Amino acid sequence: MKHIFTKMLGIDVSFSTKVEDFIKHSGPKITYTKQPLQNEFFVRSNDLLFEQGINDLQINIADWEGVPCFFKTGERSNLPFDIFSASFYMLSRYEEYLPHVKDIHGRFPPSESIAYKHKFLRLPVVDIWTFKLLEKLKEKFPDLEYNLKAYNYCSVIDVTTSHCYAYRGFVRSFAGLMLDLGTFKLKRVARRIRVWFNPKLDPFNNFSWLIALHKKFKVKSMFFFQFAEYSTYDKNVSPNSNRFKYLIKSVADYSTVSLAASYSSFRDNELLKEEKMRLSSVINRPVTNSRMRYNRVDVPETYRNLVEAEFTNDYTMGYTHEIGFRAGTSYPFRLYDINLELQQPIRIHPFAFHDYAMVNYRKEEQIFGELDQLYNEVKKVNGRFISIFSNELLGGEQKVDWLKFYAKLIQKYHV
């Protein structure tokens, strides 16, 4: 209730279970129960918010004026479905508590979600429901006071591989050279040698360009640096490299620097805390924002670990290879831990798309055709449009010129 009314609509709410207090109240009021009391705004409640634990729920998708919805209500209800239970189901990630087969990285597959199955993954349905609720409330209570937020865009840059050839140490550099020679990748050999003599020519070293672009369009940006030792899935420059530390410090002068947690730290909270502490000592300020490697989230354990490590914000809620809204919203929200029956003190910032969801497209026009729909939906609900790009993809050789594409995207979506 507080998320929908207070945080999204800017409406102060109070709660009462006493009938006499409710009847006495002269302002706008809602009953959320099985039967209305008088002529107030009535939403017939589903049992979900009055239960404890996880149950195997029957989800039947209905239509509300062109928008998918579920948890249908009776005729007397002012809404055709229980918006509060449906929103809770999406925001709590209820379906991720249910039995499902994880992918090779231990992630919840998008194909298992009701949003994907019923083709509304690209709609921020919780936000759309909320704004439609506001319109219904205004019809009932013309003097209703509310305070809507403004649309905003945030660019997140993932830095899990800061350099392609530079600063990677003698052993790794020599091994890479031998591999390139053995597979006759002569262009890479030439590039590699050129970068050894001039590290600024490294194709992944696009940080100054990105910072200048963000500054030009006054875009809020965040750089998530991986600061971990080398492992099977963690291949960034060594955290002991002074040049790497200098890069991080220089970026922190212009943008928010946060932690891209390593693959190895996913179930090792002591390692996660160590990475956080080491990055904090480099930038000389607290690190409170996190992103998990490969968007690995195991609800609710991942967020419990992040809370224990004293992170206050996380930017991992989304799918790597599917664009859209994993939690059905573009607004930041606090995660409710169903097993513990409490709200965790961490804000989840859902992203709309990850660049790797678009690597198979051949033309910019195709990509913008997909993303414009997301952008328009978020604009309609005054939401927050978050994109995830990696400096690695932006600097790589692909079918699409990603740096050029990114510049157009920033110009198009920042307002």
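In this predicted model, the buried residues of helix 5 are Val-125, Val-126, Asp-127, Ile-128, Trp-129, Thr-130, Phe-131, Lys-132, Leu-133, Leu-134 and Leu-137. Helix 5 covers residues 125–140. Its 16 residues give a distance of 23 Å from the first C-alpha to the last, close to the 22 Å expected at 1.5 Å a residue.

Helix 5 is one of the elements against which the buried residues of helix 12 pack. The others are strand 12 (353–354), strand 13 (384–390) and helix 14 (402–413). On helix 12, the residues that are buried are Glu-364, Ile-367, Phe-368, Leu-371, Leu-374, Tyr-375, Glu-377 and Val-378.

| Helix | Number of residues | First to last C-alpha | Expected at 1.5 Å a residue |
|---|---|---|---|
| Helix 12 | 17 residues | 24 Å | 24 Å |

Helix 12 runs through residues 364–380. A bend of about 25 degrees occurs in helix 12 at Leu-371, and Leu-371 is also among the buried residues of this helix. Just after helix 12, Asn-382 has a positive phi of about 55 degrees.

Together with Val-13 and Phe-15, Met-1 forms a nonpolar patch on the surface, and the accessible area of the three together is about 260 Å². Met-1 counts as partly exposed because its relative accessible area is 33%, a value between the 20% limit for buried and the 50% limit for exposed.

Terms used: Residues are numbered from 1 along each chain as its sequence is written. This is a predicted model: local features need pLDDT of at least 70, side-chain atom pairs count only at pLDDT 80 or more; totals for chains, interfaces and linings use all residues. Side-chain values use heavy atoms; hydrogens and water are left out. Patches are made of residues with over 30% relative accessible area and no salt bridge: like charges are joined within 9 Å, nonpolar side chains (Val, Leu, Ile, Met, Phe, Trp, Tyr) within 5 Å. Accessible areas come from the Shrake-Rupley method with a 1.4 Å probe; for residues, only the protein chains shown count as cover. A salt bridge is a side-chain nitrogen of Lys or Arg within 4 Å of a carboxyl oxygen of Asp or Glu. Buried means under 20% relative accessible area, exposed over 50%, partly exposed in between (1.4 Å probe, protein chains only). Helices (H or I, at least four residues) and strands (E, at least two) are DSSP runs, numbered from the N terminus. The expected span of a helix is 1.5 Å times one less than its number of residues. The bend at a residue is the angle between axes fitted to the seven residues ending there and the seven starting there. Contact means heavy atoms within 4.5 Å.
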